[in-house]
Amino acid sequence: TDVEQVFTNGSSAYAIKTDGTLYAWGYNNYGQLGDGTKTNRSTPIQVKGVDGVGYLTDVEQLFIYEGSVYALKSDGTLYAWGYNNFGQLGDGTTTDRSTPIQIKTDVEQVFTGRYFAYALKSDGTLYAWGWNNYGQLGDGTTTNRSTPVQVKGVDGVGYLTNVTSFY
């Protein structure tokens, strides 16, 4: 009860309750349910906190792409867990995570793509990380990034600033 939003990627499902707590169930091969295991769940379980301590709370938005999950809390902190083969969780590794790790602060919006993600910060700067085979991260390279890098400006000069949204 008291479910505010429900999300799915086709094999796992997530529910944010009105109090900001997050629950997950379904397929869990990469730890994308955030409960510290890789065990499939046929009923909802509460998503753990960082390093499996406590529970993730104050969740406002959730973003899922295949086995990677991103949660934006009301204070602007961004967390990720699950599949991380291309560094798309932004924690400096390519290790799958079965509990959330914190990526960035002061985040207003998140956008996820195929094995990569973008975070728009409150100061209007844009960061990207993960799979970069076509240069989609905007950092002037085709190198995968396992930590967020700031998106460069037009023709690679400076950085994008005053970004207000992306859709």
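## A buried tryptophan and its partner

W131 counts as buried, at 16% relative accessibility, where buried means under 20% relative accessible area, exposed over 50% and partly exposed in between, with a 1.4 Å probe and protein chains only. This is a predicted model, in which local features need pLDDT of at least 70 and side-chain atom pairs count only at pLDDT 80 or more, while totals for chains, interfaces and linings use all residues. Residues are numbered from 1 along each chain as its sequence is written, and side-chain values use heavy atoms, with hydrogens and water left out.

## Aromatic pairs

Searching the whole structure gives 9 aromatic pairs; rings of Phe, Tyr and Trp (its six-membered ring) pair if their centres lie within 6.5 Å, and planes under 30 degrees apart count as stacked, over 60 as edge-to-face and the rest as tilted. In one of them, the ring centres of Y30 and Y83 are 4.3 Å apart and the planes stand at 45 degrees, so this pair is tilted. Because Y30 belongs to the loop between β3 (22–26) and β4 (41–46) and Y83 to the loop between β7 (78–82) and β8 (97–104), the pair ties together parts that are 53 residues apart in sequence; strands are DSSP runs (E, at least two residues), numbered from the N terminus. Y30 is partly exposed, with a relative accessible area of 27%, whereas Y83 is buried at 14%.

W131 and Y134 form an edge-to-face aromatic pair, 6.2 Å centre to centre with 65 degrees between the planes. Y134 counts as exposed, at 69% relative accessibility.

## The cluster

Y30, Y65, Y83, F86, Y115, W131 and Y134 form one aromatic cluster.

Note on methods:
Helix = DSSP H or I, 4+ residues; strand = E, 2+ residues; numbered from the N terminus.
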